[in-house]
Amino acid sequence: MGEVIVVTSGKGGVGKTTTSANIGTGLAAAGHSVVLVDTDIGLRNLDVLMGLENRIVYDLVDVTSGNCLIKQALIKDKRFFNLFLLSASQTKDKTAVNPEQMKVLAAELKAEFDYVIIDCPAGIEQGFRNAIAGADWAIVVCTPEVSSIRDADRIISLLEAAELRNPKLIINRLRPAMIKSGNMMDTTDILDILDVELIGAVPENESIIISTNHGEPAVMDNNSKAGEAYRNITRRIQGEEVPLLNIDESHGMMYRLKRLVGLGLH
Amino acid sequence: MLEFIARMLGKESASSKMVAKERLQLVLIHDRASMSPDMLNSLREDLIKVISKYIDIDEAALEFDLCQDEKDVALVANIPVIKMKRDYAAKG
C-alpha cells in the first residue's frame with residue numbers, strides 16, 4: 001500500500017506543478033513506482049513539464065466518468081518505466097470531478113503504486129477539494145513573498161479542517177543575495193510565521209526554466225542547485241534525515257572578491 | 001555617510017524583509033481570527049463543561065466571541081454566575 005501526497009499552495013504560480021514533477025521523478029529515480037495525477041482540470045500543465053504532452057489519449061475525467069480503465073489513461077514516462085502520469089482534461093472544468101470520485105481513484109492508485117503525487121490547482125474551491133480528498137498527507141509550496149505566505153497560511157488551516165494535519169512546507173525560489181541584503185524573508189522568518197515543518201528549501205534557479213523548456217524535470221540535472229534541493233526533498237519523503245541545502249554558496253565573482261578584501265560580510 | 005558605511009558592511013539601513021514580516025504577522029492575526037461556527041460551538045461546549053465543574057453558570061445567557069483590534073485578538077466571554085459550588089476538597 002502506497003501513500004498519497006497532495007502538492008498544494010493556494011496561490012498560483014509558486015511552483016506546485018514544478019514541485020510535483022520533480023518529486024515524482026525523483027522518487028521514481030530512487031526506484032519507487034510513482035503516479036503523478038494532474039487535477040488542474042481546464043489548465044493542465046504537468047504533461048508539458050514532463051514532456052508527455054503528445055501522448056495523452058485519456059484523462060482524469062475519462063477515468064472518473066468510466067469512459068476508460070485507469071490503466072488506459074496512465075501515460076508512461078519517457079525516462080522511467082516505473083513513473084506514470086494521469087493527466088487532467090483540458091476541455092472540461094473542475095466540477096467534472098467530485099471529491100468522492102477522487103477518494104475512490106486515490107485508493108485504487110495507492111493499491112498499485114508506492115507514491116501517488118497529486119498536483120492541486122490554485123484556489124480553494126472545488127479543484128482544491130478534489131485534490132485533497134484522497135490524500136494521506138500534504139505538501140504546501142510557498143515563495144518568500146507576503147501574498148504567497150498569507151495564502152499558504154489559509155491553505156494550512158483548510159487542510160487541518162479537512163483532517164490533513166501537519167502539512168510539510170517547501171519554500172521555493174529563495175534568492176540568497178536578497179536574503180543576505182535583508183530584502184527577502186529566509187526560511188527561519190517564514191517558519192516563524194507559519195509554524196509548520198519544513199521539508200525543503202529550493203533556490204531560485206535558471207536551470208528550472210531551462211529544464212521546463214525541455215520538458216525534463218531539474219531533479220535529474222546533477223549540476224542544478226534547485227535539482228539538488230529536489231533530490232533532498234525526495235530523500236526526506238522516503239524518511240531519510242537530510243540536512244538543509246546551503247543555498248548561500250552559489251555566489252559569483254563579486255562575492256568572492258568582496259570576501260577576499262573583507263567587505264560585504266558580517 | 002553612516003548609511004554608506006553600514007551598506008559597505010553589508011547591513012541595509014532599511015531591511016524590507018522586516019517590513020514584510022511585520023505586515024504579514026499583522027494580517028495573519030486578522031485572517032486567523034475567524035473560526036468556523038462548528039469549532040466556536042465546540043469550544044463553547046467544552047468551556048461550559050469545565051467551568052460547570054466549579055461554578056453553576058447560566059448557560060443560556062452566556063456570551064462568547066472572538067474580538068479583535070489593530071494588534072491583538074481576544075476571546076471575550078461574559079458568563080453569568082448562578083452560584084459557586086461548595087469546595088468540599090478544601091474541608092477534607
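1. Which helices each supply at least two residues of the lining of the largest cavity? They are H1 and helix H10 (206-214) of chain A. Helices (H or I, at least four residues) and strands (E, at least two) are DSSP runs, numbered from the N terminus.

2. On provenance: this is a predicted model, in which local features need pLDDT of at least 70 and side-chain atom pairs count only at pLDDT 80 or more, while totals for chains, interfaces and linings use all residues. Residues are numbered from 1 along each chain as its sequence is written, chains are lettered from A and ligands numbered from 1 in the order in which they are written, and side-chain values use heavy atoms, with hydrogens and water left out.

3. Chain A holds an open sheet of 8 strands in the order S3-S4-S2-S5-S1-S6-S7-S8, with mixed pairing; two strands pair if DSSP finds at least two bridges between them. Strand S3 (74-76) and strand S8 (197-203) of chain A are the edge strands, each pairing on one side only. Neighbouring strands are turned by 25 degrees against each other on average, direction ignored. Axes are lines fitted to C-alpha atoms, for helices over the stretch in contact, and angles run from 0 to 180 degrees between N-to-C directions.

4. Strand S1 (residues 3-8) and strand S6 (residues 137-142) of chain A run parallel and are joined by 4 bridges. Within this pair, A:Val6 stands opposite A:Ala138.

5. Helix H1 (residues 16-29) of chain A packs on the sheet, where it touches S1, S2, S4, S5, S6 and S7 of chain A; contact means heavy atoms within 4.5 Å. The direction of H1 makes about 170 degrees with that of S5(A). Helix H9 (residues 187-194) of chain A lies across S6, S7 and S8 of chain A, at about 140 degrees to S7(A).

6. A search of the whole structure gives 1 cavity of 30 Å³ or more. On a 1 Å grid over the protein atoms alone, a cavity is a set of points where a 1.4 Å probe fits but cannot get out, and a pocket is an open set with protein on both sides within 12 Å along at least five of seven lines; lining residues have an atom within 4 Å of a point. The largest cavity holds about 60 Å³ of space, and its lining includes A:Thr18, A:Asn22, A:Ile208 and A:Glu216.

7. The largest pocket has a volume of about 650 Å³. Of its 21 lining residues, the closest to its centre are A:Ser157, A:Leu158, B:Arg32, B:Ser34 and B:Met39. H7(A) gives the most to this lining, with 8 residues.

How values were computed: Grid points are joined across faces, edges and corners, and a volume is the space filled by probe spheres set on the points.
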